[in-house]
Amino acid sequence: MHNGLIAFLLTILLSASPSSLKADTQLPDIGGSGYSIITPQQEYLLGRAWVRMLRGSSRLYKDAVVSQYVEELTWNLVTYSQLTDRRLEIVVLDNPTVNAFAAPGGIIGVHTGLLLTAQNEAQLASVLAHELAHLSQRHFASQLEEQRRNKPFFIASLLGSILLAAADPEAGVVGMQSSMAASASSRLSFSRQNEREADYIGMQTLTQAGYDPKSMADMFSQLQQQARFSRIPPEFLLTHPVTQSRVSDALNRAETINVINAKENSIHFNIASARIRTGYTKDQKQLLEKYLNTQKQQDNDSLRYAIAHTAIAVKDFELAQKNINRFSKSFKSRLSARLIKAELELGKENYPEAAKQLQHLRNLFPGSQAVSFIYADTQIKLNQPHLAVQAYEDLVEKDPNDSRAWYLLAEAYGLAGDIVGVHEARVEYFLLTANVDRALRQIDYALREPTISSTERARLEQRQEDAKEIRESLKLDY
């Protein structure tokens with residue numbers, strides 16, 4: 001499987017002709033040679049091909065509250081970064097291991113385990129800022145140029161290993177270790193140079209966004225500490241080796257930066273990490289007891305939220321309501337506090353009241369991905385699939401690359417009796433997860449439907465041609 005992934009990625013890199021792809025002239029020119037091995041547009045195409053495979057082989061995190069938080073935090077950092085090509089795709093993976101990565105063409109990946117290891121938002125932001133720096137400085141292209149004689153083997157191997165790690169952490173670790181071990185000393189030196197540059201530029205982004213500059217060194221130390229007590233080191237350390245000199249450099253650099261009223265944390269980080277922790281904990285009642293013991297010494301909105309969310313999971317609705325009632329006045333007006341009130345009604349299976357609250361939240365926060373997902377799921381429970389369809393259609397219109405929304409839209413279309421809609425949504429889902437042959441079969445099934453309209457037929461036939469072009473561009477052998 002690993003060799004197949006490498007071969008696929010090599011095909012993508014080698015089949016894209018520099019003369020046929022126009023580079024984005026607004027991107028910074030790194031290095032005197034112009035990096036002729038791979039242009040910015042080739043990087044973009046590679047990244048989009050690779051992320052299709054990632055979606056198809058890995059579990060995306062289903063909690064839209066968490067995904068929305070990570071996306072909003074990343075986009076906020078992008079505002080202060082040196083990234084000029086901002087065609088980004090941010091993927092949150094349901095993976096308890098500690099990792100984040102940047103892939104060519106603007107792909108940022110975050111494992112949920114990173115939010116459990118980071119102690120505050122500033123530490124999480126420091127990792128994201130570091131990854132954005134890798135993208136803005138086009139370190140993948142520079143790595144390829146350094147290893148011109150080896151063509152793109154190293155990057156393809158590393159991308160394949162990250163992909164494996166997303167689906168199978170131990171297999172991915174072995175793959176990454178092999179990729180790194182295969183590097184010559186000069187390549188390792190070049191990689192360390194890239195890491196230092198990403199640290200430097202990442203800290204600039206971090207501080208300009210208003211975060212404590214010391215948080216980067218703190219996060220490095222946190223990762224090193226975890227590595228000492230783990231049989232397998234955090235995946236992040238395998239692709240981003242953290243030495244004591246890097247920690248010292250980060251600390252020394254932070255001492256020279258003065259950020260007035262630097263922020264370290266936000267309640268949004270605490271909420272996201274609490275939701276992940278509840279989902280991953282096998283004994284949720286024990287976790288709830290731990291929270292309640294902590295509450296005896298300290299009490300705040302973050303802890304009340306964590307207690308309420310875990311109490312809903314164990315069906316202690318009275319305890320959840322008690323903590324929701326004790327939210328501070330300022331927190332009660334926030335989306336998170338309002339949304340968990342609806343989630344409490346969902347836990348109690350009071351779907352009409354939950355739907356009423358969620359519809360109100362959709363009006364107040366029309367751009368909220370989390371509200372739309374939960375609202376649509378509630379309408380399915382109320383046997384109102386046509387309302388769920390409307391919500392999912394809004395989601396895919398705002399983000400056509402949201403494979404989960406397309407999958408759920410297909411389910412909603414089925415419940416609503418829209419057979420052609422089912423086919424079309426499944427086609428989009430299959431294309432986004434690199435299952436082009438299944439997408440083409442789905443189109444064939446749809447074209448055989450006796451009730452298909454001429455407009456639907458024309459749309460499907462056009463998508464059929466699009467799918468064939470996607471398959472050709474990926475060079476997949478079916």
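Mentor: Happy to! Let's start with a charge and a ring: the charged end of Arg87 sits over the ring of Tyr44, 3.8 Å from the ring's centre. Keep in mind that this is a predicted model.

Helix H2 covers residues 40-57 and lies across S1, S2 and S3, at about 20 degrees to S1. Those three strands make up an open sheet with mixed pairing, in the order S1-S3-S2. On its edges are strand S1 (89-93) and strand S2 (100-103), each pairing on one side only. Ignoring direction, neighbouring strands in this sheet are turned by 15 degrees against each other on average.

Now look at how S1 meets strand S3, residues 107-111: the two run parallel, and five bridges join them. To find one of these places on your screen, pick Val91, whose bridge partner in S3 is Gly109. Helix H5 (residues 121-136) also packs on this sheet, where it touches S2 and S3. The direction of H5 makes about 15 degrees with that of S2.

Let's step back to see where this part belongs. The protein has 25 helices and three strands. Of its 478 residues, 55% are buried. Contacts also reach along the chain: among those between residues at least 6 apart in sequence, 67% join residues at least 24 apart.

The nonpolar cores are worth a visit too. The largest one holds 53 residues, and the members that touch the most others are Leu339, Tyr392 and Leu409. Take Leu339 and leave aside its neighbours within four places in sequence: Leu339 is then in contact with Val65, Leu358, Leu361, Ala370, Val371 and Ile374. There is also a second, separate core of 37 residues, which includes Tyr61, Val66, Leu115 and Leu124.

Finally, back to rings, where we began. Another charge is placed over a ring at Tyr211: Lys263 lies over the face of that tyrosine, at 4.6 Å from the ring centre.

Note on methods:
Residues numbered from 1 in each chain as written. Predicted model: local features only at pLDDT ≥ 70, side-chain atom pairs only at ≥ 80, totals over all residues. Heavy atoms only, no water. Lys NZ or Arg CZ within 6 Å of the ring centre and 35° of its normal. Core = buried A, V, L, I, M, F, W, Y, C linked by side-chain atoms within 4.5 Å. Buried < 20%, exposed > 50% of the residue type's maximum accessible area, 1.4 Å probe, protein only. Contact = heavy atoms within 4.5 Å. Pairing = 2+ DSSP bridges. Helix = DSSP H or I, 4+ residues; strand = E, 2+ residues; numbered from the N terminus. Axes fitted to C-alpha atoms, helices over the stretch in contact; angles between N-to-C directions.
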